[in-house]
Every structure is written in structure tokens, then in C-alpha cells.
Amino acid sequence: MTGSFRRQIRSKKEQMDSFFKFNKTNRQWHLPIVAGLSVGIPMILGWYMDNIEAGKLGSLAGLSILYIQSDKLIERMILLMTCCFGLMLSFTVGLLFSFSPILAPIALGLFSFGVHYSLHKLQLTRPPGNFFFIMLASTAICSPFQPEHIAEKIGYVAMGTILTCGIGLIYSLLTLKKSNQPESMIHRKSSYTNIVESIIFGLIMTLSLAVALSLDIEKPYWIPISCLAVMQGSSSKHVWLRATQRITGTLIGLGITWLIASGNPTPLIMVISITLLQVVVEFLVVRNYAIAVVFITILTIFLSESGKQLTQDTNQIFFARLIDIFIGSMIGMIGGWILFNAKLHDHTTQQLRKAKILMKKNSRNRVDHQ
């Protein structure tokens, strides 16, 4: 009894240590600064031209700079441009299916399935992985359907991708050095495992958006994005830890944002804050997710809420965001449990193999009859 009690205490202590522990990382110190510039420059341009909304759309494309994952210049730029196109495609798909609250969850689920499956096939599984592609699709699919503005919005994102590629090229030329060290090997999953995981991602994203839309939330994308963030964990325990960190960090972040909003910050201060927050987030997110979520909360609220609305409806906005993130995190925990359930994976894989064998038999029978 005493031994079991000690193991429980030791387990809880390890969980608390991991909650506050700063992890080691190979990420170069200047990448967060470049990420801040990629997100901040479109915002500054939008403020200068008195079009903050355009700046926000351009800044979303700046997130693609985080997909710089090669030590070879040509491969790095090809990858960056491909990811920029992928983010544009994600945003476009979201806008095109925003017209129907019934089709939107299905479209997001199918898109999430395709993104997860394709990235694993292309071995693009290192963080941030599928997150920003699905995030942009979620944000766009929850926006008001305005067909006359679709091309304009996509154009702003496209300009952001051009700027990001330019920043990525300059950054690579200044910092990239020849290295004889082989790049780290990526663990390749079997085709069946990839399909099963992709199906789970698709179904959970469908569920999260369907729940958000059924609750008639003003900005329903917070639920699927929170769900997706929690499901980025590398194991079932890691998913539960991320959910706890996200809820705790959100509470603290909302409190800090409330204090900032009470000071009625000017649009320029908001723009500068978004740039600095992006730098802080990218520095912390690979080291300690719980602390990073504090700043992620402030950053996302500044990006999603207009200045006037933030200062006038502060309490209402914060309470709504807290509920949204809590619901999304709970769905993400369920999704994470399903995603890392070995028995479910084995059963689904067996069913897929049986279905494949059956399809081959049917096709052979058709050929024989012909």
C-alpha cells in the first residue's frame, strides 16, 4: 500500500516537473525573431495603410516561415514556397465552404484528413506539422460568407506569402552554413497507420466544428483550433498534459490581456505587441508549452478581436474565449485518447486490410466475367 502510494506521489511530482520544465531544443535563437518579423511586417503595413484587417490576413501567411526545416538552401526554399501555397489553399478551401454550417464541419474533416495523410506521405511531420494548415482552414470556414470579398482576402494572404518567401530567402542567405552532418531521420509510419490517424483527425475536427456551430458561438473556430492544439501531443499522457497546460495558460493569459485591454491600447501599440508576442511565443513553445500558452492567448485575442470591441466588451469576450478553449481542449483530450489507443488502431487496421482484399477480389471477379 505504501509502495503504491509512493509511486502515485512520484508520478504526480513528475507531471508537475514536466508542467514547469524548460525543455532543451535545437531551434536557433534567431528563428523566433524572423517569425516575429514575418507576422509583424504585414501588420505594420496594414496599420500604415489604415487596413488592419488586410494586415491580419497577411500575417497569417507569415506563419509559414516556421516550416523552414532543411539545411540546404534550394530544398528549404522549395519547402517554404510549397507550404505557403498550402496555407493559401487551406484558407481558400475554408472560405469556399463557409456558406453552409451543415457542410462546413464535413468539409473541414475531409480537409484535415487530406492534410494529415499528405504531410505524412511527404515526410513533413516535424512541428508545426498539420497545425497551421488546419488552423487557417478553421478560421476561414467560420468567417461570414462574402463571395464578393473571397478573391480580395485570398490576395492579402498571397501577398503575405510573397513577403514571407522574401524574408525566408534573406534569412537563409545570411544564416545558412554548409554542414556535413546528415539531417535527422524521420520515423515513417505504415500506410495503414497513416490512414487510421488521418481518419481520426478528420472525424475529431468534424465533431469539434459541429459542436461549435451547434452552440451558436460568435467565433466558433476557437473550439476546433483548441482541439487541434491539444491533439498535437506525442502520446496519450502528453495530450492530457497539453490540455491541462492550455487551460491553465489560457486563464493566466486572459487575466493579463484584461489588464492590457483596460488601458485602451492604440492600434499601433497592438501591432507592435503582436510582433513581440510572436517572437516570445516561438521562443517558448518548444521549451515550455504551459508558459507559451499564456502569450499565445494574448496574441490570438489581439489578432482575432478588433481594438474597439476588445476594450468595450472585455468581460464578455474573455468569458466566451475561456468556455470555447475549455470545450475544445476536452474534445482534443478525447481525440488524443482515440489517436493513441493501440487496440483501436489494430482493429481499424485489420478492417482496412480486409476491405482492401475484398476490393481486389471484386475487381478480379469483374475482369473474369468480362
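This is a predicted model: local features need pLDDT of at least 70, side-chain atom pairs count only at pLDDT 80 or more; totals for chains, interfaces and linings use all residues.
1. Ile 150 belongs to helix α7, which covers residues 150-175. Its relative accessibility is 14%, and because buried means under 20%, Ile 150 counts as buried.

2. Leaving aside residues up to four places away in sequence, Ile 150 is in contact with Leu 95, Leu 96 and Phe 145. The C-alpha atom of Ile 150 also lies 7.9 Å from that of Thr 92, although the two residues are 58 positions apart along the chain.

3. Rolling a probe the size of a water molecule over the atoms shows where empty space is left. When the whole structure is searched, one cavity of 30 Å³ or more is found, and the volume given for the largest cavity is about 40 Å³.

4. Which residues line the largest cavity? Ile 150 is one of them, and the others are Leu 95, Ser 98, Ser 143, Pro 144, Phe 145, Gln 146, His 149 and Lys 153. Sorted by class, this lining has four nonpolar residues, four polar residues and one charged residue.

5. Most residues other than glycine have a negative phi. Asp 50 sits in the loop that joins α2 (31-48) to α3 (52-61), and with a relative accessible area of 72% Asp 50 is exposed.

6. Asp 216 likewise has a positive phi, here of about 55°, without being a glycine. Asp 216 is placed in the loop between α8 (191-214) and α9 (222-230), and at 69% relative accessibility Asp 216 counts as exposed.

Key
Residues are numbered from 1 along each chain as its sequence is written. Side-chain values use heavy atoms; hydrogens and water are left out. Helices (H or I, at least four residues) and strands (E, at least two) are DSSP runs, numbered from the N terminus. Buried means under 20% relative accessible area, exposed over 50%, partly exposed in between (1.4 Å probe, protein chains only). Contact means heavy atoms within 4.5 Å. On a 1 Å grid over the protein atoms alone, a cavity is a set of points where a 1.4 Å probe fits but cannot get out, and a pocket is an open set with protein on both sides within 12 Å along at least five of seven lines; lining residues have an atom within 4 Å of a point. Grid points are joined across faces, edges and corners, and a volume is the space filled by probe spheres set on the points. Ala, Val, Leu, Ile, Met, Phe, Trp, Tyr, Cys and Pro count as nonpolar, Asp, Glu, Lys and Arg as charged, and the others, Gly among them, as polar.
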